[in-house]
Amino acid sequence: MKTLIFLLLLVFPASVFGQGRTIEYTVDGKPYEGYFVSAGENSPFILLVHDWDGLTEYEIKRAEMLADEGYTVFAADLFGAGYGPLR
């Protein structure tokens, strides 16, 4: 998990501001889709994890709400791209 967070911070620097965006990444060759939104440079980082039904509009809305409060947020996808109601 530490490696994943480190890689995310390298790939998605805090200079990405404003609207969130879907991020595609791979773990052990399997595709995943997360959601990234930043409040600005030097904002604290939160790793948001979804519940049983996968990454949904609820988690995306919560990530945006946290960004409005001053955080950089990555909503991780634990099940893989193509799973859940957004797919």
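The side chain of Y35 reaches the side chain of E64 in a polar contact of 2.6 Å; such a contact is a pair of N or O atoms within 3.5 Å, where, within protein, one must be able to donate a hydrogen and the other to accept it, and residues adjacent in sequence count only if both atoms are side-chain atoms. The model is predicted, with local features needing pLDDT of at least 70, side-chain atom pairs counted only at pLDDT 80 or more, and totals for chains, interfaces and linings using all residues. Residues are numbered from 1 along each chain as its sequence is written, and side-chain values use heavy atoms, leaving out hydrogens and water.

Y35 sits in strand β2, residues 30-38 (strands are DSSP runs of E, at least two residues, numbered from the N terminus). With a relative accessible area of 7%, Y35 is buried (buried is under 20%, exposed over 50%, partly exposed in between, with a 1.4 Å probe and protein chains only). Leaving aside neighbours within four places in sequence, its contacts include G20, T22, L55 and V73, contact being heavy atoms within 4.5 Å. R21 is also on the contact list of Y35; the C-alpha atoms of these two residues, 14 residues apart along the chain, are separated by 5.7 Å.

Now for the rings. Two aromatic pairs turn up, a pair being rings of Phe, Tyr and Trp (its six-membered ring) with centres within 6.5 Å; planes under 30 degrees apart count as stacked, over 60 as edge-to-face and the rest as tilted. Y25 and Y32 are stacked because their ring centres are 5.7 Å apart and their planes at 15 degrees.

How values were computed
Helices (H or I, at least four residues) and strands (E, at least two) are DSSP runs, numbered from the N terminus.
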